[in-house]
Amino acid sequence: MLAALARFPTEPNPSSTDSESTPTIFIDRDPNIFAIILSYLRTNELLLPASSPSNPTLSSIQSEASGFYNLPHLATLASLHEPHLEVLLLEAK
């Protein structure tokens, strides 16, 4: 999905000024999952935040990675992750 957005030009934001030439892309998805997706795209690793009730579940990460973002490798990483093991903490980076 993100790769597809980067390939196709988008329409400029109608509310932008002349000095703002970059179009705006709005992605209406869970921001907690989106942070994990962006981290994966930067590092090619599944980096999970420290345990918190507001953190997304591995199944929701897997679902978003495969269904919306078309990132099969991340979906596989999420499906193989054992919940009792901490892979990497975002706070450590």
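Good morning. I begin with Arg-29, which counts as partly exposed, at 32% relative accessibility. Here buried means under 20% relative accessible area, exposed means over 50%, and partly exposed lies in between, computed with a 1.4 Å probe on protein chains only. The structure is a predicted model, in which local features need pLDDT of at least 70 and side-chain atom pairs count only at pLDDT 80 or more, while totals for chains, interfaces and linings use all residues. Residues are numbered from 1 along each chain as its sequence is written, and side-chain values use heavy atoms, with hydrogens and water left out.

Let me describe the overall fold. The protein has four helices and zero strands, and its elements run α-α-α-α from the N terminus on. Helices (H or I, at least four residues) and strands (E, at least two) are DSSP runs, numbered from the N terminus. Of the 93 residues in the protein, 22% are buried. Among contacts between residues at least 6 apart in sequence, 62% join residues at least 24 apart; contact means heavy atoms within 4.5 Å.

I return to Arg-29. With which residue does the side chain of Arg-29 meet in a salt bridge? The partner is Glu-64, at 2.7 Å from N to O. Glu-64 lies in helix α3 (residues 58–67) and Arg-29 in the loop between α1 (2–7) and α2 (31–43), so the pair ties together parts that are 35 residues apart in sequence. A search of the whole structure finds one salt bridge, the criterion being a side-chain nitrogen of Lys or Arg within 4 Å of a carboxyl oxygen of Asp or Glu. In general, side chains of opposite charge can pair when their charged atoms come close.

Is Glu-64 buried or exposed? Glu-64 counts as buried, at 13% relative accessibility. Leaving aside residues up to four places away in sequence, Glu-64 touches Arg-29, Ile-33 and Tyr-69.

Arg-29 lies over the face of Phe-68, at 3.9 Å from the ring centre. A charge sits over a ring if NZ of Lys or CZ of Arg is within 6 Å of the ring centre and within 35 degrees of the ring normal.

The structure holds two aromatic pairs. Rings of Phe, Tyr and Trp (its six-membered ring) pair if their centres lie within 6.5 Å; planes under 30 degrees apart count as stacked, over 60 as edge-to-face and the rest as tilted. Phe-34 and Tyr-69 form a tilted pair, with 6.1 Å centre to centre and 35 degrees between the planes. This pair links distant parts of the chain, with Phe-34 in helix α2 and Tyr-69 in the loop between α3 and α4, 35 residues apart. The rings of Phe-68 and Tyr-69 have centres 4.9 Å apart and planes at 85 degrees, so this pair is edge-to-face.

Next, the nonpolar core. A nonpolar core is a set of buried Ala, Val, Leu, Ile, Met, Phe, Trp, Tyr and Cys residues joined through side-chain atoms within 4.5 Å. The largest one has 14 residues, of which Ile-37, Leu-46, Ile-61, Ala-65, Leu-71 and Leu-74 touch the most other members. Helices α2, α3 and α4 (72–80) each supply at least two residues of this core, and α2 gives the largest share, four residues.

Which residues of α3 are buried? They are Leu-58, Ile-61, Glu-64 and Ala-65. These residues cover an arc of only 130 degrees around the axis, which puts them on the same side of α3; the arc is that of the directions from the helix axis to the C-beta atoms. The buried residues of α3 pack against α2 and α4.

In α4, the buried residues are Leu-74, Ala-75 and Ala-78. Seen down the axis of α4, they fall within an arc of 100 degrees, so they line one face of the helix. What covers them includes α2 and α3. On the other side of α4, Pro-72 and Leu-80 are exposed, Leu-80 with a relative accessible area of 63%. The C-alpha atoms of Leu-80 and Leu-58, 22 residues apart along the chain, are separated by 9.5 Å. Thank you.
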